[in-house]
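Biologist: I'm new to this one. Could you walk me through it?

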Amino acid sequence: MALAVTSSSSTAISGSSFSRSGASSESKALQICSIRLSGRTHLSQRRFSLKPLNAESHSRSESWVPRASTLTAPEVEEKGGEVEDFEQLAKKLEDASPLEIMDKALEKFGDDIAIAFSGAEDVALIEYARLTGKPFRVFSLDTGRLNPETYRLFDAVEKQYGIRIEYMFPDAVEVQALVRNKGLFSFYEDGHQECCRVRKVRPLRRALKGLKAWITGQRKDQSPGTRSEIPIVQVDPVFEGLDGGAGSLVKWNPLANVEGADVWTFLRTMDVPVNALHAQGYVSIGCEPCTRPVLPGQHEREGRWWWEDAKAKECGLHKGNIKEEDGAVDSKPAAVQEIFESNNVVTLSKEGIENLTKLRNRKEAWLVVLYAPWCPFCQAMEASYIELAEKLAGKGVKVAKFRADGEQKEFAKQELQLGSFPTILLFPKSAPRAIKYPSEHRDVDSLMSFVNLLR
């Protein structure tokens, strides 16, 4: 994995490698603190102690890759002295801007912290690091399956900031074994986790063994039900750092409380390089075979691993932040706001939709969405569906909804063609079997065309 390295002296930081229009950068930086917060941080009550940073700094000319890949972690030492309370630190930083959080992270860990850069909108992290005026390192995982546009962004970022990204690569023997045994595209058949484990998770694990802290671009609004409680700073619950053992690695998430739209406002304001795929409709960007543009009415994570259920859209890099309760995949928070609330949308019970499926001659056609109120993909199409219901009111088509998660999920899979949320069904007046909407275009015009062609 390669980390981008900036000069270690403050004089060099302000020099030509970070040259910008001084007045322009200062005025733009003032806009950083205007980002609105979308959530609050919650950390566990546990406290962890970290060994003091090494007084002996590493030369920037050293290759970080052999240091990460050959390191043998020492046993965890019991040390007295100051205990770092990350719960209290997170509370102090709840209302802090990403710039303040980045500055605190770099100040605390110096050369032993690095920014994880995926080649997408998390380029904002690098810009925030530049604005602190402190030296910083950047690393990235080159899976061997990235888009050409992502590699071109890596090059542009290195030139813009005068850095060298420290790349980490998967083990060649493991990749060879995976491809020879299962083919190049096995993830389409049995899920993406195995491929991600070989190409991303294990290289990341090796990389983090050479650090005491890392910085990610995770946001609470990014993923359905899995990232809603990301803390600003935490002891990493999954990976180990330089000193080895529990509590040896700290994870910083400066963008945790920031909304995606505000990240893009910042990127445009600061005029930083971005991935060309964003202009083609890509929002969340990963490996080429597993990434595609999102469509109108879709959540950003629907562009990743689209053939899998909404709850599976994580690669394993941030496993410790995935929210699951009692080990149940479909467990959700107790209080979930209902969606598709409209006088023109009929709420169907299980008995109601069972009766609808049994009818052979219906007085009217029915359009029904199978949904889960916690699913951002369902939330994203709410406005379109309600508008469609208003347009179809009194025109011979009933518009309805059926909540198909929890206890109803198995029934919906077996009897209602549920694959993932949302699933849309049209029950024609005369046809006995419902027709499943095949497209992922969930805008009003597309849905209306589907109804008009079949009703």
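**A cavity and its lining**

Modeller: Let's start with the second largest cavity. By class, its lining has seven nonpolar, one polar and four charged residues. Ala, Val, Leu, Ile, Met, Phe, Trp, Tyr, Cys and Pro count as nonpolar, Asp, Glu, Lys and Arg as charged, and the others, Gly among them, as polar.

Biologist: What kind of model is this, and how are residues numbered?

Modeller: This is a predicted model: local features need pLDDT of at least 70, side-chain atom pairs count only at pLDDT 80 or more, and totals for chains, interfaces and linings use all residues. Residues are numbered from 1 along each chain as its sequence is written, and side-chain values use heavy atoms, with hydrogens and water left out.

Biologist: Which residues line the second largest cavity?

Modeller: The lining is R145, F187, H192, C195, C196, R199, K200, C287, P289, C290, R304 and W305. Lining residues have an atom within 4 Å of a cavity point; a cavity is a set of points on a 1 Å grid over the protein atoms alone where a 1.4 Å probe fits but cannot get out.

Biologist: Which helix gives the most to that lining?

Modeller: α10, with four residues. Helices are DSSP runs of H or I with at least four residues, strands are runs of E with at least two, and both are numbered from the N terminus.

Biologist: How much space lies in there, and how many cavities does the count come to?

Modeller: About 110 Å³ lies in the second largest cavity. The count comes to five cavities of 30 Å³ or more. Grid points are joined across faces, edges and corners, and a volume is the space filled by probe spheres set on the points.

Biologist: New topic. How many salt bridges does a search of the whole structure find?

Modeller: The search finds 14. A salt bridge is a side-chain nitrogen of Lys or Arg within 4 Å of a carboxyl oxygen of Asp or Glu.

Biologist: What about E194 and K182?

Modeller: Their side chains meet in a salt bridge too, 2.7 Å from N to O. E194 lies in helix α10 and K182 in helix α8, so the pair ties together parts twelve residues apart in sequence.

Biologist: Now strands. Why is β11 largely enclosed?

Modeller: Five of the five residues of β11 (423-427) are buried, so the rest of the structure largely encloses this strand. T423, L425 and F427 cover one side, I424 and L426 the other.

Biologist: Which strand pairs with β11 over five bridges?

Modeller: β9 (residues 365-371), in the antiparallel sense. Two strands pair if DSSP finds at least two bridges between them. L367 has L426 as its bridge partner in β11.

Biologist: How many bridges join β11 to β12?

Modeller: Two, and these strands run antiparallel. There, L426 has I435 of β12 as its bridge partner.

How values were computed. Buried < 20%, exposed > 50% of the residue type's maximum accessible area, 1.4 Å probe, protein only. 1 Å grid on protein atoms, 1.4 Å probe; cavity = no way out; pocket = protein on both sides within 12 Å on 5 of 7 lines; lining within 4 Å.
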